[in-house]
Amino acid sequence: MAALSDNPKDLQRYILQDQQPVVCNDEATWRTFMNDGNNLLVANDPAGNFQVITVFLGFNYGNTEKPKFFQTTCLGADSEKHPHYTATWEKATLRHRCSIKCGEILTDFEAERAAGIDRSWEFIDCTIVPGEMQFILKSEADALKAMPQDKKHWKRRGRMIVFCFDV
């Protein structure tokens, strides 16, 4: 386990300038910035039966080594209690887009299940890399079952199915 001094907490207040978090030492300026919701909202979009919202926090939820300035939450999903945090505006918008796609996939999956279509599979993890969202499933058989019918943005790599943003 790392010593506290190895990952020092960042106790600074931040505002955004050109979508970049910058330290704000003046509390009145910070409060004014934080009280304007337009300064905090990165994106808010429907995602099937869910709502995805990404916001700037105004502080570093992480530490100086691994900052977390932005939070993405998928409202209405089990993951609502476990939001995702990112360090930069660019990563926050990518995470937001990925969360929208996840919400749409879950909505389609629920509709298929309600219609009696069994495409059940065991999900292990999800990873985001530039241009892709990778879903890691328990097995290659699960990946085959989980592949969407419309394969325009989708690829399969063994037990991983990949959504490509730039296709």
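**A walk through the predicted model**

Let's begin at Gln19, which is partly exposed, with a relative accessible area of 37% (buried means under 20%, exposed over 50% and partly exposed in between, using a 1.4 Å probe and protein chains only). Everything here comes from a predicted model, in which local features need pLDDT of at least 70 and side-chain atom pairs count only at pLDDT 80 or more, while totals for chains, interfaces and linings use all residues. Residues are numbered from 1 along each chain as its sequence is written, and side-chain values use heavy atoms, with hydrogens and water left out.

Back to Gln19: its place is in the loop between β1 and β2, and its phi is positive, about 65 degrees, although Gln19 is not a glycine. Asp18 lies in that loop between β1 and β2 (20-23) too. Asp18 isn't a glycine either, yet it has a positive phi of about 55 degrees. With a relative accessible area of 74%, Asp18 is exposed. Step back to Leu16 and you are in strand β1, residues 14-17. Leu16 counts as buried, at 13% relative accessibility. Leu16 and Lys91 are 75 residues apart in sequence, but their C-alpha atoms are 15 Å apart in space.

Now for the overall layout. The protein chain has four helices and 10 strands (these are DSSP runs, H or I of at least four residues for helices and E of at least two for strands, numbered from the N terminus). Follow the sequence along and you read β-β-α-α-β-β-β-β-α-β-β-α-β-β. The C-alpha trace of the chain spans about 55 × 35 × 30 Å along its principal axes. Of its 167 residues, 37% count as buried.

How many aromatic pairs does a search of the whole structure find? It finds six (rings of Phe, Tyr and Trp, the last by its six-membered ring, pair if their centres lie within 6.5 Å; planes under 30 degrees apart count as stacked, over 60 as edge-to-face and the rest as tilted). One of the pairs is Tyr61 with Tyr85: the ring centres are 4.3 Å apart and the planes are at 15 degrees, so this pair is stacked. Tyr61 lies in the loop between β4 (50-56) and β5 (70-75), and Tyr85 lies in strand β6, so the pair ties together parts that are 24 residues apart in sequence. Tyr61 counts as partly exposed at 42% relative accessibility, and Tyr85 is partly exposed with a relative accessible area of 24%.

Phe70 and Trp89 meet another way: their ring centres are 6.0 Å apart with the planes at 90 degrees, so this pair is edge-to-face. Phe70 lies in strand β5 and Trp89 in helix α3, so the pair ties together parts that are 19 residues apart in sequence. Phe70 is buried, with a relative accessible area of 0%, and Trp89 is buried as well, with 16%. Together with Phe33 and Phe56, Phe70 and Trp89 form one aromatic cluster.

Tyr85 turns up again in the second largest pocket, which is lined by His84, Tyr85, Thr86, Ala87, Lys91, Leu94, Arg95 and Ile128. Which elements give two or more residues to this lining? They are β6 (84-86) and α3 (89-114). A pocket here is found on a 1 Å grid over the protein atoms alone, as an open set of points where a 1.4 Å probe fits, with protein on both sides within 12 Å along at least five of seven lines; lining residues have an atom within 4 Å of a point.

Pro46, in strand β3 (residues 41-47), counts as exposed at 56% relative accessibility. Val129, in strand β7 (residues 123-129), counts as partly exposed at 28%.
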